[in-house]
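This report describes the fold and packing of one protein chain for a reader who has the sequence and the model at hand.

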Amino acid sequence: MHYRELGDSGISVSEICLGSWLTFGVGIEADQARACIDRAFDEGINFIDTSNIYGFGAAETFLGEALKGRPRDSYVMATKLFFPMTPADKGLSRAQIEKQIDASLNRLKTDYVDLYQCHRYDDATPIEETMAAMSEVVRSGKARAIGFSEWSPANIKDALAVPGTVKFVSSQPQYSLLWRVPEKAVIPLCAANGIGQIVWSPLAQGALTGKYLPGAPVPTDSRAANDTMNEFIGNWLTPPILEAIQQLRPLAAAAGCTMAQFALAWVLRDPNVTSAIIGASRPEQVSDNARASGLAIDQALFTQAEAIIKGAQSA
């Protein structure tokens, strides 16, 4: 496993991050989830990402139980807030930030998180209030650093302009061979300001693993077949996209890796990408994904892959 610095925070994290969206506490059985965590540690993964909204606290609660026997300095824990936990508890106001960080710490059974993230931008709260409250989370010792997820370039610039506050060190956008929107503005802006990317859905919900074949039923043991985890994958299961993904198979073979490793190595080719979040539901998936770290793949293969996907999306 290779490691990168999280923005300019000084925090070292594994290039592969174990995520918990749709899986821990919700989509897979506890024993299987614990096996995934154990395998992640075995593979050198030290970075775990969650959110208060995942299972309305269930993911954090599961992680708190699963990790309580491990030394706190053996892993880097990231969580988030924004989405409604109750009709009244939502957003990024000072009151909510103070309330939700304490609730997350309680569920995670820890005194601090390494990274506390704004899960989305809150138009209803002045950015000055949000940044002051997030800064206080760091200054009080409840978080080592702060970040955001899916903020626009304008949002990011506004946050950076607030004086006297702790600076963001991370951005969490969706990013993959199938979704390259952050390349236009978010990644360049963040790179210029010491903010690293922790990318979610780098495998496009598993579509880029090649397991879903054009015209064939989805595998019964796959995310697409699981009603608790398949809400967002449909966009990637169209015949043109699935056919294009199958054309990546010989490129991965030429690189000497699996299709999942090829797709993960593609996002990690960008030095501003600190880590790629995986959503594994089986230990063997964790191992396969972890081995994408440090792969040296010919840029020409990546260029071919980009052309194939672009052609399918333009058709």
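A residue is called buried under 20% relative accessible area, exposed over 50%, and partly exposed in between, with a 1.4 Å probe and protein chains only. The model is predicted, so local features need pLDDT of at least 70 and side-chain atom pairs count only at pLDDT 80 or more, whereas totals for chains, interfaces and linings use all residues. Residues are numbered from 1 along each chain as its sequence is written, and side-chain values use heavy atoms, leaving out hydrogens and water.

**Barrel**

Helices (H or I, at least four residues) and strands (E, at least two) are DSSP runs, numbered from the N terminus. Two strands pair if DSSP finds at least two bridges between them. Eight strands close into a barrel with parallel pairing, in the order S3-S4-S5-S6-S7-S8-S9-S10.

| Strand pair | Sense | Bridges | A bridge pair |
|---|---|---|---|
| S9 and S10 | parallel | three bridges | Ile-198 and Ser-275 |
| S3 and S10 | parallel | three bridges | Ile-16 and Ala-276 |

Strand S10 spans residues 273-278, and six of its six residues are buried. Contact here means heavy atoms within 4.5 Å. Helix H4 (residues 127-139) lies across strands S5 (76-81), S6 (113-118) and S7 (143-148), and runs at about 150 degrees to S7. For such angles, axes are lines fitted to C-alpha atoms, for helices over the stretch in contact, and the angles run from 0 to 180 degrees between N-to-C directions.

A nonpolar core is a set of buried Ala, Val, Leu, Ile, Met, Phe, Trp, Tyr and Cys residues joined through side-chain atoms within 4.5 Å. The largest one has 86 residues, and those with the most contacts inside it include Phe-24, Ile-37, Leu-63 and Trp-151. Helix H9 (residues 259-268) gives the most to this core, with nine residues. Apart from it lies another core, of 13 residues, among them Val-13, Cys-17, Val-76 and Ala-78.

Leaving aside residues up to four places away in sequence, Ile-37 touches Leu-18, Phe-24, Phe-62, Leu-63, Ala-66 and Leu-67. Helix H2 (residues 58-67) is mostly covered, with seven of its ten residues buried; among them are Phe-62, Leu-63, Ala-66 and Leu-67. The cover over the buried residues of H2 includes helix H1 (30-42), strand S4 (47-49), S5 and helix H3 (94-108).

**Helix H11**

The expected span of a helix is 1.5 Å times one less than its number of residues. For the 16 residues of helix H11 (residues 299-314) this gives 22 Å, which agrees with the 22 Å between its end C-alpha atoms. Leu-301, Phe-302, Ala-305, Glu-306, Ile-309 and Ala-312 are the buried residues of H11. They lie on the same side of H11 because they cover an arc of only 140 degrees around the axis, the arc being that of the directions from the helix axis to the C-beta atoms. These buried residues pack against helix H7 (239-246), helix H8 (249-255) and H9. On the other side of H11, Lys-310 and Ser-314 are exposed.

**Glu-15**

Glu-15 is located in the loop between strand S2 (12-14) and S3. Glu-15 is buried, with a relative accessible area of 6%. Not counting residues up to four places away in sequence, the residues touched by Glu-15 include Met-1, Arg-4, Leu-268, Ser-275, Ala-276 and Ser-293.
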